[in-house]
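Please open the model in the viewer and keep the selection tool at hand.

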Amino acid sequence: MEVPIKEAIYEKGLGLKAISLVANPAIEISWIKMAKESEPLNTKLSIQDKEKRIIFTPVLIPNQLIKRNQGGEVFDLFFSRETIEEIAIQYQRDMLASAVDIQHSQNLIEGVTFFEVVLKDEKRNPTQIGFEDLPFGTLFMTGKVDNDEVWAKIDSGELTGVSIDGLFGTMNVKASAIDLSDDKLKELLIQIEI
């Protein structure tokens with residue numbers, strides 16, 4: 001049986017509510033710890049200043065299928081490049097830089113602030129070191145971790161990435177025999193189911 005595909009839709013009043021530090025990010029890509037003594041997790045970027053406790057991570061990748069199970073309904077969810085841009089703008093507009101929890105606990109923690117939000121873009125930000133192979137439209141964030149307990153979990157590898165907490169509408173779509181790694185082709189071939 002073919003798994004249904006749904007597109008996440010940004011709707012006014014909904015959207016991103018927090019960033020969750022997690023052990024297994026849904027996008028299956030871990031962050032980069034800016035540190036001298038630790039090895040990077042699933043990345044190519046060299047490690048930098050550990051004393052600053054800086055993390056850099058992709059948050060959303062356009063058209064990447066993410067397995068979801070919501071109330072027993074199993075489907076693949078993806079975010080379009082346009083929706084990711086709307087989410088990034090809404091995140092800044094709502095001043096959510098310190099809205100951070102761990103493992104989707106919904107208990108916000110202190111001492112972690114995401115101070116940079118960057119969209120990989122052909123004109124303004126064409127590459128992010130260590131993530132050159134991710135497509136244009138990928139949302140990246142840079143965070144500062146002042147919380148000692150949280151940093152210990154990051155440094156030990158207990159927490160390896162981020163996941164988003166938010167409310168989004170969805171729209172059923174049908175992918176017609178496409179190579180999901182080719183974003184341009186996928187955008188052309190996705191058809192809305194009526």
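Begin by selecting F56: with a relative accessibility of 11%, F56 is classed as buried, the cut-off for that class being under 20%. The coordinates belong to a predicted model.

In one of them, F56 is stacked with F140, because the ring centres lie 5.3 Å apart and the planes meet at 5 degrees. F56 belongs to strand 4 (residues 54–60) and F140 to strand 9 (residues 139–145), so this pair ties together parts that are 84 residues apart in sequence. Colouring by accessibility shows F140 as buried too, at 0% relative accessibility.

Next, select F79 and F168. Their ring centres are 5.4 Å apart and their planes stand at 90 degrees, so the pair is edge-to-face. F79 is found in strand 6 (residues 73–79), whereas F168 occupies the loop between strand 10 (161–167) and strand 11 (169–174); the pair therefore ties together parts 89 residues apart in sequence. F79 is buried, at a relative accessible area of 4%.

K6 is placed over the face of F75, 4.8 Å from the ring centre. K120 is placed over the face of F136, 5.7 Å from the ring centre.

Finally, select E7 in strand 1 (residues 5–9). Is E7 buried or exposed? Its relative accessible area is 13%, so E7 is buried. Display its surroundings: beyond four places in sequence, E7 touches L77, F78, S80, T83, G169, T170, M171 and V173.

Terms used:
Residues numbered from 1 in each chain as written. Predicted model: local features only at pLDDT ≥ 70, side-chain atom pairs only at ≥ 80, totals over all residues. Heavy atoms only, no water. Helix = DSSP H or I, 4+ residues; strand = E, 2+ residues; numbered from the N terminus. Buried < 20%, exposed > 50% of the residue type's maximum accessible area, 1.4 Å probe, protein only. Contact = heavy atoms within 4.5 Å. Phe/Tyr/Trp six-rings, centres within 6.5 Å; stacked < 30°, edge-to-face > 60°. Lys NZ or Arg CZ within 6 Å of the ring centre and 35° of its normal.
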